[in-house]
Amino acid sequence: MRIGMVALLVVAAAFDSQAKDAPAYEKGVLTQMESSSCGYAEKDGKTLAGEIFGTDGQHKNTKEVLCQEYVLQTERITYRIRPKDDKHPALLPVGETAQFRIHKDKLLLRVPEADGKEREYFVLSMTPRADAAAATRPGTRGETR
């Protein structure tokens, strides 16, 4: 009985491992990177001694926080993306081919020429490419009248 159960579990595990396909990636080119404002960081001027004795000034240091924003261009769509991890974003090589897939509400991107790790990005905008739309319109494929 136990041998039969073990054999059944082994066969079930083999079918389960075959059912999982590798994720399908689309290709695009990272055309540019810009720094854009994504908020402000405030640092309080209070100290422990100032809090206790009431002698602390009430000034705050405010800095504008800049985030990396990339343009990823595919055959048909141009994506503007921003790293999900603001504190430790990876610098991506502009001009290189990137592989990406969209899973749930995020874009998962990897650059094989860099380290090949898959990282999460927010999609800020998606714009259809004008040159791709003109090429696929009927009647505009180099016909002369």
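Me: Before we start, how are strands defined here?
Reply: Strands are DSSP runs of E with at least two residues, while helices are DSSP runs of H or I with at least four residues, and both are numbered from the N terminus. Q73, for one, lies in strand 2. Keep in mind that this is a predicted model, where local features need pLDDT of at least 70, side-chain atom pairs count only at pLDDT 80 or more, and totals for chains, interfaces and linings use all residues. Residues are numbered from 1 along each chain as its sequence is written, and side-chain values use heavy atoms, with hydrogens and water left out.

Me: OK, how many helices and strands does the protein have?
Reply: Three helices and six strands. Along the sequence they run α-β-α-β-β-β-β-β-α.

Me: Back to Q73. Which residue is the bridge partner of Q73 in strand 3?
Reply: That's T78. Strand 2 and strand 3 (residues 77-83) pair in the antiparallel sense over four bridges; two strands count as paired if DSSP finds at least two bridges between them. A hairpin of three residues links strand 2 to strand 3.

Me: And what else does Q73 touch?
Reply: Leaving out residues up to four places away in sequence, Q73 touches G28, V29, T31, T78 and R129, with contact meaning heavy atoms within 4.5 Å. The C-alpha atoms of Q73 and M126 are 9.8 Å apart, though 53 residues separate them along the chain.

Me: Is Q73 buried, exposed or partly exposed?
Reply: Partly exposed, at 28% relative accessibility. Buried means under 20% relative accessible area, exposed means over 50%, and partly exposed is in between (1.4 Å probe, protein chains only).

Me: New topic: how many disulfides are there?
Reply: One, joining C38 to C67 with an S to S distance of 1.9 Å. The cut-off for a disulfide is a pair of cysteine sulfur atoms within 2.5 Å.

Me: Which parts does the pair tie together?
Reply: C38 sits in strand 1 (residues 26-44) and C67 in strand 2 (residues 60-73), so the pair connects parts 29 residues apart in sequence. The link is right-handed, with 70 degrees about the S-S bond.

Me: Are those two cysteines buried or exposed?
Reply: C67 is buried, with a relative accessible area of 9%. C38 counts as partly exposed at 31% relative accessibility.

Me: And what share of the protein's residues is buried?
Reply: 20% of the 145 residues count as buried.
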